[in-house]
Amino acid sequence: MGKLVLIAIGGNSIIKDTSRQDVEAQYEAICETAEHIADLIESGCKVVITHGNGPQVGFLLRRSEIAEAVEGLHPIPLVSCGADSQGALGYQIQQAMDNEFRKRGIDKQSVSVVTQVLVDQDDPAFGKPTKPIGSFYGDDMIEVVKKEHPEWCMVSDAGRGWRRVVASPEPKEIIEAKAVQNLIEAGYCVVAAGGGGIPVLRDEKGFLSGVDAVIDKDFASSLLASKLKADTLIISTGVPKVYIGYGKPSQKALDQVTVEELKRYIAEGHFAAGSMLPKVEAVIRFMENGGSEAIITSPECLNDAVSGNSGTHVIP
């Protein structure tokens, strides 16, 4: 049996640049990544794919806000935007993978699982929302927005206007993890936990309900990889390796690094919040939960990275 690899694709990596943000361009970018993932599967790996959805959720929210302002249509809750983007991106990824399998004569199918992720209603993040989403609003609009959406938390964003912020709680449980496991064992290439999963709360009777929040995709991917006992967690990003001193004359690429070394680099402030920092923290969590190897690299380096010839490899 080949080793189980969980690959986390960044939502921003699906959008090449601001001139290619439409759905067709996103699909082209996904097809490019699918080629690299198919290389791994052809080499014998079993693969689970997770993905980000930050830009895509932003577009959905913007459409909802414009439709509400112009036509008076009902707004779409954030939690539903997350679910919508999970379905849409999952559809594109599984179609791209299936077409790649057909090109190569691989008898395999991809399937997407709409994935809920349990969060804790007492998570401190709910008391201090920090994740900006949706449109900017000018000073002339802020009172109207507050009146129409009294439940929204609004903050002034670096002189660019007012913006809604939501909580980014810790993922506690992948609700559909057993289904993902069964699909892997049945031979499917599974797409799961898109956008970090749909955040849900569980009441005292065990019933689930969605909540407007954003779960970090890398943290959810790390949790799912640990639950599945994946051999390798790969976080795919825009650079082939992790760097310390990034952008400075002292910049240095990391080929192989231990968990303790990564913790020291975090303490020294080498990784930017909202960028490389959550990726590094996610691989540390995976390793401390029993993982044997984690890799951070770019999509085009996936195959070389798994062969040990590229990427940043994290070892215990």
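**Entry 1: charges over rings.** Before looking, I wrote down the rule: a charge sits over a ring if NZ of Lys or CZ of Arg is within 6 Å of the ring centre and within 35 degrees of the ring normal. I also noted that I am working with a predicted model. With that in hand, I looked up R285 and found its charged end over the ring of F219, 3.8 Å from the ring centre. Then I turned to K146, whose charged end sits over the ring of W162, 5.3 Å from the centre of that ring.

**Entry 2: aromatic rings.** How many aromatic pairs does the structure hold? I found one. Its members are Y243 and Y246, with 5.6 Å from centre to centre and 45° between the planes. I put the pair down as tilted, because planes under 30 degrees apart count as stacked and those over 60 as edge-to-face, with the rest called tilted.

Entry 3: I read off a volume of about 320 Å³ for the second largest pocket. The pocket has 21 lining residues, and E151, W152, R164, V166 and D212 are the closest to its centre. Next I checked which elements give two or more residues to this lining, and they are α2 (54–71), β5 (131–137) and β7 (162–166). Of these, α2 gives the most, with four residues. Sorted by class, the lining has 13 nonpolar, five charged and three polar residues.

**Entry 4: the cavity.** I searched the whole structure for cavities of 30 Å³ or more, and one turned up. The largest cavity holds about 70 Å³ of space. Which residues line the largest cavity? I listed I9, S13, I14, I30, T33, A34, I37 and I93. Helix α1, residues 23–42, gives the most to this lining, with four residues. By class, I counted six nonpolar and two polar residues in the cavity lining, and no charged ones.

**Entry 5: a sheet.** My last stop was an open sheet of four strands, in the order β8-β4-β10-β11 and with mixed pairing. At its edges are β8 (173–174) and β11 (208–210), each pairing on one side only. I followed β10 (residues 198–202) across to β11: the two run antiparallel and are joined by three bridges. For V200, I noted G210 as the bridge partner in β11.

Conventions: Residues are numbered from 1 along each chain as its sequence is written. This is a predicted model: local features need pLDDT of at least 70, side-chain atom pairs count only at pLDDT 80 or more; totals for chains, interfaces and linings use all residues. Side-chain values use heavy atoms; hydrogens and water are left out. Rings of Phe, Tyr and Trp (its six-membered ring) pair if their centres lie within 6.5 Å; planes under 30 degrees apart count as stacked, over 60 as edge-to-face and the rest as tilted. On a 1 Å grid over the protein atoms alone, a cavity is a set of points where a 1.4 Å probe fits but cannot get out, and a pocket is an open set with protein on both sides within 12 Å along at least five of seven lines; lining residues have an atom within 4 Å of a point. Grid points are joined across faces, edges and corners, and a volume is the space filled by probe spheres set on the points. Ala, Val, Leu, Ile, Met, Phe, Trp, Tyr, Cys and Pro count as nonpolar, Asp, Glu, Lys and Arg as charged, and the others, Gly among them, as polar. Two strands pair if DSSP finds at least two bridges between them.
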